[in-house]
Amino acid sequence: MSLLKRIGTTGNLGEQSGNNAPATPPAEPSSEQSKPESPADSNTGMLKSLGTRSLAEAAASRSAGRDGGSSVLRRPGAGSSPGGDSFADLKSRVQNRLISELDPRMDLSNAEEVRRTVEETFNSVLDSESIVLTRVERMRLFEAISAEILGFGPIEPLLNDDSISEIMVNGPNQVYAERNGRLVLTDVGFVDDDHVMRVIDRIVSPLGRRIDESSPMVDARLPDGSRINAIIPPISLVGPVLTIRKFAKDPLTTDDLVRFGTMTPEMVVFLEACVKARLNVVVSGGTGSGKTTTLNLLSSFIPEDERIVTIENAAELQLRQDHVVTLESRAANIEGRGEVSIRDLVINSLRMRPERIVVGECRGGEALDMLQAMNTGHDGSMTTAHSNAPRDTLARLETMVLMAGVDLPVRAIREQIASAVDLIVHQSRLKDGSRKITYVTEVQGMEGDVIVLQDIFEYEQTGMENGRVVGRLKPTGIRPKFMAQFESSNIYLPPNIFGAQDRVF
């Protein structure tokens with residue numbers, strides 16, 4: 001992969017957003033400009049677009065820096081010291097010079113070699129400019145410039161921090177991060193709106209997505225599977241907004257979730273039995289409650305010899321089985337054509353001889369097709385849905401089925417749901433930021449016009465201690481009606497699974 005393909009589309013999207021500079025008519029092309037560029041010239045031009053200023057401005061800045069005295073490193077956005085350069089000015093100077101000296105045809109397939117080349121060029125630029133920095137300042141400057149050229153700019157350190165689970169960029173000057181379930185304001189900052197736009201475009205362009213005034217919102221994912229959402233002016237009034245939900249490089253295991261207090265060992269044994277016995281499961285919960293993590297865990301219990309088809313808006317699931325087909329929806333192009341919805345993919349997946357269908361999230365008419373798949377021989381299917389409680393999950397499914405545009409009576413919809421769904425696993429994000437499975441609920445069938453639910457496990461909150469929620473995650477003592485399905489699959493659970501000692505978390 002060439003350097004152009006890696007960082008090429010970093011130019012004028014911020015200007016297209018119209019949130020900063022007034023529109024100016026394009027200059028008349030000169031005879032020199034009208035000549036076709038060679039690939040090397042084009043790559044060099046795109047490299048220069050990474051900088052926040054032109055090379056001429058950088059040269060002027062270098063002169064001013066020599067006249068003014070020594071350079072001082074500062075946090076982005078901080079003012080400069082008397083007679084010195086701010087961190088942003090110094091970074092811009094060195095970055096522009098480094099970009100101009102890099103080979104635009106450099107192959108980026110070997111990350112270590114590319115980083116070594118960038119570091120060598122960086123050191124030679126500092127030496128040629130007689131810039132004296134401490135070892136810590138030198139390393140900090142190199143990491144910042146390396147992130148701009150090879151990574152995702154100022155947020156690169158946050159992406160590499162395993163303790164951070166979510167990153168929220170609210171315009172260029174306000175970046176929040178979620179650490180241990182709590183939101184904290186970081187000292188990370190961007191130069192301006194265009195700087196944020198270049199990072200957003202660098203994320204979405206390799207995925208074939210686009211974001212501009214005509215399409216100001218986009219859902220995409222990073223190479224490691226982290227999910228991103230971006231929205232830009234004029235829809236956003238605070239500048240470009242970027243939200244990144246990170247996922248662990250290695251999927252969380254049952255031991256991890258037991259240690260975090262998300263579930264108990266008895267619950268793990270029970271849920272594994274449900275998946276292996278091919279029960280249809282809906283994982284429900286609010287935004288950020290950990291539904292995808294739980295769905296990923298449940299999917300890991302699927303036997304290796306079964307064909308799995310996953311369907312998502314942005315591929316997030318990290319299944320370790322060999323026989324997995326991953327499908328991802330596609331938004332419409334600029335002409336409004338080419339859209340492939342989740343519902344289209346669910347319908348198509350039925351023709352792919354799946355043994356398990358895993359839908360990342362049902363949020364519309366695809367719920368009807370998912371229920372029909374569960375009712376027509378595709379047992380063991382799983383999906384997630386947004387809701388506040390297991391009973392609300394049923395109401396949400398009813399609403400989503402109606403969104404399919406099929407004129408069905410409510411009773412018929414409820415019968416479909418009661419027949420298709422066997423188990424609801426409801427997850428909640430508590431006040432202290434912890435995430436727990438608060439209900440494991442069996443769908444027992446219909447009584448009149450009402451779907452009957454029975455809790456198998458539940459979380460009972462007993463109070464708060466030192467800012468943390470204290471409660472019990474316990475079985476209700478009731479054995480589910482689908483125990484016969486376990487036995488037909490040669491799965492036998494010990495009796496204490498449904499009546500074990502309460503566990504306090």
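Is helix 12 (residues 291–299) largely enclosed by the rest of the structure, or exposed, and how many of its residues are buried?

1. This is a predicted model, and the points below should be read on that basis. Helix 12 is largely enclosed by the rest of the structure, because eight of its nine residues are buried. The buried set consists of Lys291, Thr292, Thr294, Leu295, Asn296, Leu297, Leu298 and Ser299.

2. Helix 13 (residues 342–349) packs against helix 14 (residues 366–375) at an angle of about 20 degrees, and their axes are 8 Å apart. The two helices are therefore roughly parallel to each other, and their crossing is left-handed. Helix 13 contributes Ile342, Arg343, Val346 and Ile347 to the contact, while helix 14 contributes Glu366, Leu368, Asp369 and Met370. Sorted by class, five residues of this contact are nonpolar, three are charged and none is polar.

3. Helix 14 also packs with helix 16 (residues 410–420), here at an angle of about 50 degrees with the axes 9 Å apart. Helix 14 and helix 16 are therefore oblique to each other. Their crossing is left-handed. On the helix 14 side the residues are Leu371, Gln372, Met374 and Asn375, which meet Gln416, Ile417, Ser419 and Ala420 of helix 16. This contact has four nonpolar and four polar residues, and no charged ones.

4. On cysteines: the structure has zero disulfides. Cysteine 274 counts as buried because its relative accessibility is 1%. Cysteine 362, at 2% relative accessibility, counts as buried too.

5. Some backbone geometry deserves a look. Most residues other than glycine have a negative phi, and most peptide bonds are trans. The peptide bond from proline 233 to proline 234 is cis, with omega near 5 degrees. Proline 234 sits in the loop that runs between strand 5 (227–231) and strand 6 (241–245).

6. Arginine 353 is not a glycine, yet has a positive phi of about 50 degrees. The loop between helix 13 and strand 10 (356–359) holds arginine 353. With a relative accessibility of 58%, arginine 353 counts as exposed, the cut-off being over 50%.

7. Asparagine 490 likewise has a positive phi, near 65 degrees, and is a residue other than glycine. Asparagine 490 belongs to the loop between helix 17 (483–488) and strand 16 (503–504). Its relative accessibility of 62% makes asparagine 490 count as exposed.

How values were computed:
Residues numbered from 1 in each chain as written. Predicted model: local features only at pLDDT ≥ 70, side-chain atom pairs only at ≥ 80, totals over all residues. Heavy atoms only, no water. Axes fitted to C-alpha atoms, helices over the stretch in contact; angles between N-to-C directions. Helix = DSSP H or I, 4+ residues; strand = E, 2+ residues; numbered from the N terminus. Parallel < 35°, antiparallel > 145°, perpendicular 65-115°, else oblique. Left-handed = near helix turned anticlockwise from the far one by under 90°. Contact = heavy atoms within 4.5 Å. Nonpolar A, V, L, I, M, F, W, Y, C, P; charged D, E, K, R; others polar. Disulfide = S-S within 2.5 Å. Buried < 20%, exposed > 50% of the residue type's maximum accessible area, 1.4 Å probe, protein only.
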